[in-house]
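Q: Can you walk me through this one? I'd like the interface first, then a few local details.

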Amino acid sequence: MELEYKKTRQGYVDGLKELAGELPDMVVLDADVAKATQTFEFEALHPDRFFNCGVQEQNMLSVAAGLSLEGMIPFASTFGVFATCRAGDQLRNSIAYPNLNVKIGATHCGITTGGDGASHQSNEDIAIVRSFPNMTILVPGDYEEAKLATKAAARAAGPFYLRFGRDAYPVIPEIHGAFEIGKAKVIRIGKDIAIISTGILVSEAIQAANDLEAQGISVHLIHMPTVKPMDKEAIVEAAQRTKGIVTIEEHSVIGGLGEGVAGIVSQEHPTKVLRIGMQDVFGESGQAQELLDKFGLRAKNVIEAAKKILG
Amino acid sequence: MSGEINEAFLQEKALKVRRSIISMVHRANSGHVGGSLGATDILVALYYHLMNHDPKDPAMADRDRFILSKGHCTPVIYAILADCGYFPEEDLLTFRRPGSHLQGHPYQPKTPGIEASTGTLGLGISTGLGMALAAKLKNQPQYYYIMCGDGEIQEGQAWEAAMFANKYKLNNVIGFVDRNYLQTDGFSEDIMPLDPLAPKWESFGWQVFTIDGHNYGEIIDTVESAKKSDRPVMIIANTIKGKGVTFMENKVEWHGTPPNKDEYDRAMALLT
């Protein structure tokens, strides 16, 4: 079957556009990357509700905090690396600490940011934001889920970090339907090995599961669009049903989905967890697909890990 | 509220606030007396004369907002909020203690009357601008008073904010730089020079006034002029760090050192 490819960042702005009528106090901020985050499309429709802060990510996040203190619902948009590293203090102290209703729309996250190289590839953002109390982290798996996540965040109270990618990735009908913050999506129930993914690499996870099933290995497949708070119940169930867990994420293995899963199972139901992700290295320039190969973020890497666990 | 300036009343309030600052920091054995004493007269002029606010209704929609961007100077704002009745004066005994709503740096979710959480420097200016922008979007009439330290505006974010306020013509913002020329490590012009300061803000599009930050008439008249501006306003208020306690005045040692028992007694004897 031919897969349809769409961008999660497009899902973000399409979600914002659909919310505009419902939430008159919603405003969108950007920091001179509106053409990349796609928020220029929102600006074109609602110029009076769009604020381009220029190359000022730090100011933008604190301004967003101020807007929320007066009852607005600001979506502050920039690349993940800027939102969390450049403006990490503002995210922590202006937004997370006072638990303000600010939404961060972070695009160009992960290694698939591609040609810009390691300086712009945010592979640490989940780790940083997970460590801030009060934050909710949503990492949608495709265009449609990005739209659903954006809308869910807008309607919920509190600070959110929404993580989107740059490139077009497969649309995955298995993860559509109701979007519930904090809930994992169990795509398939199985008994040999569990695979847990977040973000756009859900497509690699599905491919790995299909290949393993074809080889007679039963896979319990979970997609986790909410990385914080983590769906503990779904993770423990996966550990109980299977002989081990493979996680896959477009992020460092330090502090991301995989470490979160390992932390939960080590307390609740110890089992082996192998983590596919950036292995504590910086990325480099290249095309997204080349980089996924080079850094081992593919279905075949999931399969290898699964077989290692199963022995 | 505005009207004729009651100098004696403001002096009396300032004395009470300064005594409260010394007590609070001495009791907690932690906190910032120098900058708090230096900024006292400006905050007294704001809270007891200039600002439209109601301690019985801290969420009043059109209240004027005060944002303490130099967030380490909580003793002065806590003393004033308690005196105004935002929370009981006994709460001041809990400053910087576990379980207290009076954190070392302002925490808006917990403390009545605190409008924005600040602490790491530079953030409060931008937060105040975001609030002021929201008021513009909602056509609300209130003013946003933002108090920055002079050391604080060495932060790059302060100048990001300066550009932002100019772009969005936030003339509902009236800022103060508490210009006492001292910061943690010494004299500001040695650590990282800021002068000439007024032209910096002017070139960023702000209307600038330079005043004596201990003169109520000047503070109040300047704020009244600032309200007529079509641009954001920065009032550079020349102040004396440690003002009112002679042995603390203009001494960088009193930036973040709490007074011991002897120093406390001497300070309180001076504040009568």
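A: Some ground rules. Contact here means heavy atoms within 4.5 Å. This is a predicted model, where local features need pLDDT of at least 70, side-chain atom pairs count only at pLDDT 80 or more, and totals for chains, interfaces and linings use all residues. Residues are numbered from 1 along each chain as its sequence is written, chains are lettered from A in the order in which they are written, and side-chain values use heavy atoms, with hydrogens and water left out.

Q: How many residues of chain A are in contact with chain B?
A: 25 residues of chain A touch 27 residues of chain B.

Q: And what area do chain A and chain B bury between them?
A: About 2,100 Å², with 57% of it on carbon and sulfur atoms. Buried area is the accessible area (1.4 Å probe) that two parts lose on being put together, summed over both.

Q: How many salt bridges does the rule find across the interface?
A: One. The rule asks for a side-chain nitrogen of Lys or Arg within 4 Å of a carboxyl oxygen of Asp or Glu. B:R65 pairs with A:E70, and their closest N and O atoms are 2.6 Å apart.

Q: Which elements supply the side of chain A that touches chain B?
A: β3 (50-52), α4 (57-69) and α6 (88-96) of chain A each supply at least two residues. α4(A) gives the most, with nine residues. Helices (H or I, at least four residues) and strands (E, at least two) are DSSP runs, numbered from the N terminus.

Q: New topic. Is A:H220 buried or exposed?
A: Buried, with a relative accessible area of 0%. Buried means under 20%, exposed over 50%, partly exposed in between (1.4 Å probe, protein chains only). A:H220 sits in strand β11 (residues 219-223) of chain A. Leaving aside neighbours within four places in sequence, its contacts include A:R188, A:E237 and A:R241.

Q: Which residues of α13(A) are buried?
A: A:A299, A:N301, A:V302, A:I303, A:A305, A:A306 and A:I309. Their cover includes β10 (193-197) and α9 (202-214) of chain A. After α13(A) comes A:G311, with a positive phi near 75°.

Q: Where is a peptide bond cis?
A: One joins A:K228 and A:P229, with omega about -5°. A:P229 is in the loop between β12 (226-228) and α10 (232-241) of chain A. The bond from B:D195 to B:P196 is cis too, with omega near 0°.

Q: What is phi of B:N139?
A: Near 55°, a positive value in a residue other than glycine. B:N139 counts as exposed, at 71% relative accessibility.
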